[in-house]
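Please keep the sequence and the three-dimensional view at hand while reading.

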Amino acid sequence: MIKLIKSTFYKEKATKIKLCAFINKAKQLSMGSECEKFEKNFAFYQGRKHCVFLNSGSSANLAIIQALINLGKIKQNDLIGFSALTWSTNVMPLIQLGLKTVPIDVELDTLNVSSRKLLYTLEKYNIKMLFLTNLLGFCDDIDEIRKVCGKRKIILIEDNCESLGTVYKGKKLGSYGLASTFSFYVGHHMSTVEGGAVCTDLKELASMTCMVRAHGWDRNLSLESQNKIRDKFNVNSTFYSRYTFYDLGYNLRPTEIAGFLGNSQLKYIDKIVKKRQQNFMQMAKPIYQRSDRYYPIRFDHIDFLSNFAVPVLCKSQQIRDDLVKKCEGKIEIRPIVGGDMTRQPFFDKYEKKFSHILGDSNAKLIHDQGLYFGNNPELTEREMKLIIDIFCN
Ligand SMILES: Cc1ncc(COP(=O)(O)O)c(C=O)c1O
């Protein structure tokens, strides 16, 4: 069986040995200097001024939405656009925090929202923010999406949990929006077992995300930001400042173990994404050439494609169902991410009465006719040959 996830870490054995040594000698395992170091390292890698490290990608999504609400940049009942093809915990924080969700359809050939789809949705819905998902390492014309958002004063936030390392028009995905979120879950590009991050260039937003991450207090802010907020709220006593809670927060902190893992795995990130890119090209090219069976997925507009699972979009449900049978016991497969979110029970329960995808939905077709299989650096030539065989013959 070719599993979706083959290992916990890149260079698993060496990483586990280093991890044991780290734990044995560490004085502190709750969030501390390793996490801080990782935030600096990851912000540098991503080309952003600030990174806030969290305990998962889902937590990163929740934290950024809460931070934007705390800062008054969005408020309850505002309309928020999201990619109809995404993961549950991209949409759920929007619902949980009292925002109104507007699903935006994706393009069939890129699986992502385009500026065309966005403009079409804007004819009916006046959205305040777009929570765009960069799906499976792909994107459409995110540069144009950014322009549309800029012109119409729509806040653009990228959920980049699936596209760490992809470069489009010379810029890494996750660098187009006001802020972006990342996941370091074991099945994703880089693993801290569980982990996530928010990146932004805006200090105010990074500081608020830090407060949201831990109880709403100011403990992990810079001295300058601490002084500013203490002055604003007349907190003059050091004693009370330790337990002053300025705005709504949670506890979404990572541990030093995750920080240590992040720092050691980040050293391999270029190798990891390069290998995955090579694997993608080797498997996807011959599979997508079977245009009698599959819709081709376009990626020639992307400078560097960083992918962890290969999507296959069948021309009929019958072809997909046959493939599901052929893969049984041989290749682990899944629907393309969460499929069409508007067809999930939670969406039906909370949002259906209010919003739906406009026009003929590609997300629906992808939900009904798509699947993906894993792409990780440990795939052997034999395994890739078997995958190509099953999908092409
Ligand atoms: C687009 C997207 N956003 C968010 C998440 C959540 O990340 P995590 O599993 O780290 O909570 C995922 C998880 O797969 C995802 O695919």
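In which loop is the place of V193? V193 lies in the loop between β8 and β9, where helices (H or I, at least four residues) and strands (E, at least two) are DSSP runs numbered from the N terminus. This is a predicted model, in which local features need pLDDT of at least 70 and side-chain atom pairs count only at pLDDT 80 or more, while totals for chains, interfaces and linings use all residues. Residues are numbered from 1 along each chain as its sequence is written, and side-chain values use heavy atoms, with hydrogens and water left out.

**Backbone at two valines**

- Most residues other than glycine have a negative phi, and most peptide bonds are trans.
- V193 is not a glycine, yet has a positive phi of about 75°.
- V193 is partly exposed, with a relative accessible area of 37%; buried means under 20% relative accessible area, exposed over 50%, and partly exposed in between (1.4 Å probe, protein chains only).
- V337 also is not a glycine and has a positive phi, of about 50°.
- V337 is found in the loop between β12 and α13 (345-350), and counts as buried because its relative accessibility is 8%.

- Strand β5 (residues 155-159) pairs with strand β8 (residues 179-183) in the parallel sense over 3 bridges, and E158 has S180 in β8 as its bridge partner.

**The four-stranded sheet**

- A sheet of 4 strands, also open, has the order β10-β11-β13-β12 with antiparallel pairing.
- The edge strands are β10 (294-295) and β12, each of which pairs on one side only.
- Helix α11 (residues 269-289) packs on this sheet, touching β10, β11 and β13, and its direction makes about 5° with that of β11.
- β10 and β11 are antiparallel and pair over 2 bridges, with Y295 opposite L313 in β11.
- Strand β11 (residues 309-314) pairs with β13 in the antiparallel sense over 5 bridges, and A309 stands opposite G374 in β13.
- Strand β12 (residues 333-334) runs antiparallel to β13 and is joined to it by 2 bridges; I333 has F373 in β13 as its bridge partner.
- Strand β13 (residues 370-374) is mostly covered, with 5 of its 5 residues buried.

**Nonpolar cores**

- The largest nonpolar core has 63 residues, of which I127, L130, F373 and F391 touch the most other members; such a core is a set of buried Ala, Val, Leu, Ile, Met, Phe, Trp, Tyr and Cys residues joined through side-chain atoms within 4.5 Å.
- Helix α15 (residues 381-392) supplies the largest share of this core, 6 residues.
- A second, separate core of 37 residues includes A67, F131, I155 and V198.

- N90 is found in helix α4 (residues 88-96) and is buried, with a relative accessible area of 0%.
- Leaving aside neighbours within four places in sequence, N90 is in contact (heavy atoms within 4.5 Å) with N61, F82, F131, T133 and D159.
- N362 belongs to helix α14 (residues 362-369) and is buried, at 16% relative accessible area.
- With neighbours within four places in sequence left aside, the contacts of N362 are D105, V106, E107, L108 and K117.

**Around the ligand**

- Of the 14 residues around the ligand, G57, S58, D159, E162 and S183 come nearest; a residue is near a molecule if one of its heavy atoms lies within 4 Å of it.
- A polar side-chain atom of S58 lies 2.6 Å from an oxygen atom of the ligand, and one of S183 lies 2.7 Å from an oxygen atom of the ligand.
- An N or O atom in the side chain of H188 is 3.1 Å from an oxygen atom of the ligand.

Technical notes. Two strands pair if DSSP finds at least two bridges between them. Axes are lines fitted to C-alpha atoms, for helices over the stretch in contact, and angles run from 0 to 180 degrees between N-to-C directions. A polar contact is a pair of N or O atoms within 3.5 Å; within protein, one must be able to donate a hydrogen and the other to accept it, and residues adjacent in sequence count only if both atoms are side-chain atoms.
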